[in-house]
Amino acid sequence: GSREIKLSENISQFLKMIGYEVSGGKQGSLSQLHVQLKRLLSCRVCYQHYRDIDDPAHGQLKRDMGPIDEMEFWEATYDEEGSRLKDIRIKLHEHFYQEIMNHAFPVKQEDVNKLRPSTLALDLYLFLCHRVFNIKKDTYISWKDLNEQFGSNYASHLDFGRRARKYLRKIKSEIYPEVNFAFEPGRLVLKKSPTPVKKLSTNRR
């Protein structure tokens, strides 16, 4: 793989895949994408790695970085006839790219599309997919910690917990029935679960 991405080659297809019509102009989807990419270029991401997640005080690594090293807009214009955005190239930060490659996890695109109208529901689904993919034993996460991790705007972690429980029930009943979790006072309990995407069989006949 390469940490350099040429968005102009597949951006229209990507927008259609996530449910947006491809359109130009100041209020069009391509212009809005341009704005969000520039915001992404300016943001910072903080990673914390623990030697033992159950004993975080003994051994941790913190890394603060931007997800993108370089971004070029040589001709960020919409080609009506070709239905594409011209000449946009993004180069991911080396550490960010390695994090993605080393910690990838499977999701279903159709599930993402169903949950996309709600940011919190989508965040919770991706969180579940990521955590159960690597989980070895029951994991306890307080609503307060989860609220802070998501960076939500709820007045309190109690409000966040009520809304999160609502969406988690919806995800389990309608989207991802195989996922195993439980609610305890003040926290969520994640349990070992199959991933939403079935593993391909490697058996040969």
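Predicted model: local features only at pLDDT ≥ 70, side-chain atom pairs only at ≥ 80, totals over all residues.
**Entry 1**

Residues are numbered from 1 along each chain as its sequence is written, and side-chain values use heavy atoms, with hydrogens and water left out.

Helices (H or I, at least four residues) and strands (E, at least two) are DSSP runs numbered from the N terminus. Helix 5 covers residues 119-134, and its axis comes within 9 Å of the axis of helix 7. The two axes cross at roughly 65 degrees (axes are lines fitted to C-alpha atoms, for helices over the stretch in contact; angles run from 0 to 180 degrees between N-to-C directions). That makes helix 5 roughly perpendicular to helix 7 (65 to 115 degrees; under 35 is roughly parallel, over 145 roughly antiparallel, the rest oblique).

Next I listed the residues that meet, with contact meaning heavy atoms within 4.5 Å. Helix 5 brings Leu120, Ala121, Leu124, Tyr125 and Leu128. Helix 7 answers with Phe160, Arg163, Ala164, Tyr167, Leu168, Ile171 and Ile175. By class I noted 11 nonpolar residues, no polar ones and one charged (Ala, Val, Leu, Ile, Met, Phe, Trp, Tyr, Cys and Pro are nonpolar; Asp, Glu, Lys and Arg charged; the others, Gly among them, polar).

**Entry 2. Helix 6 and its neighbours**

I turned to helix 5 and helix 6. Their axes come within 12 Å and cross at roughly 110 degrees. That makes helix 5 roughly perpendicular to helix 6. Leu120, Asp123, Leu124 and Phe127 of helix 5 touch Leu146, Gln149 and Phe150 of helix 6. I noted five nonpolar residues, one polar and one charged in this contact.

Helix 6 also packs on helix 7, at about 85 degrees and with the axes 9 Å apart. Helix 6 and helix 7 are therefore roughly perpendicular to each other. Trp143, Lys144, Leu146, Asn147 and Phe150 come from helix 6. His157, Phe160, Gly161, Ala164, Arg165 and Leu168 come from helix 7. The class count here is six nonpolar, three polar and two charged.

I traced an open sheet of three strands in the order 8-10-9, with antiparallel pairing (strands pair if DSSP finds at least two bridges between them). Strand 8 (139-142) and strand 9 (181-184) are the edges, each pairing on one side only. Neighbouring strands are turned by 25 degrees against each other on average, direction ignored.

Four bridges join strand 8 to strand 10. Serine 142 stands opposite arginine 187 there. Another four bridges join strand 9 to strand 10, residues 187-190. Phenylalanine 183 has leucine 188 as its bridge partner, and glutamate 184 has arginine 187. I checked the turn too: strand 9 and strand 10 form a hairpin with two residues between them. Glycine 186 in that turn has a positive phi of about 80 degrees.

**Entry 3. Helices on the sheet, and threonine 139**

Helix 6 (residues 143-150) lies across strand 8, strand 9 and strand 10, at about 75 degrees to strand 8. Helix 7 (residues 157-175) lies across strand 9 and strand 10, at about 155 degrees to strand 9.

Last, I looked up threonine 139, which lies in strand 8. A polar atom of its side chain is 3.2 Å from the backbone oxygen of lysine 137. Threonine 139 touches Arg131, Leu188, Val189 and Leu190, not counting residues up to four places away in sequence.

Key. Polar contact = N/O pair within 3.5 Å; in protein donor to acceptor, adjacent residues only side chain to side chain.
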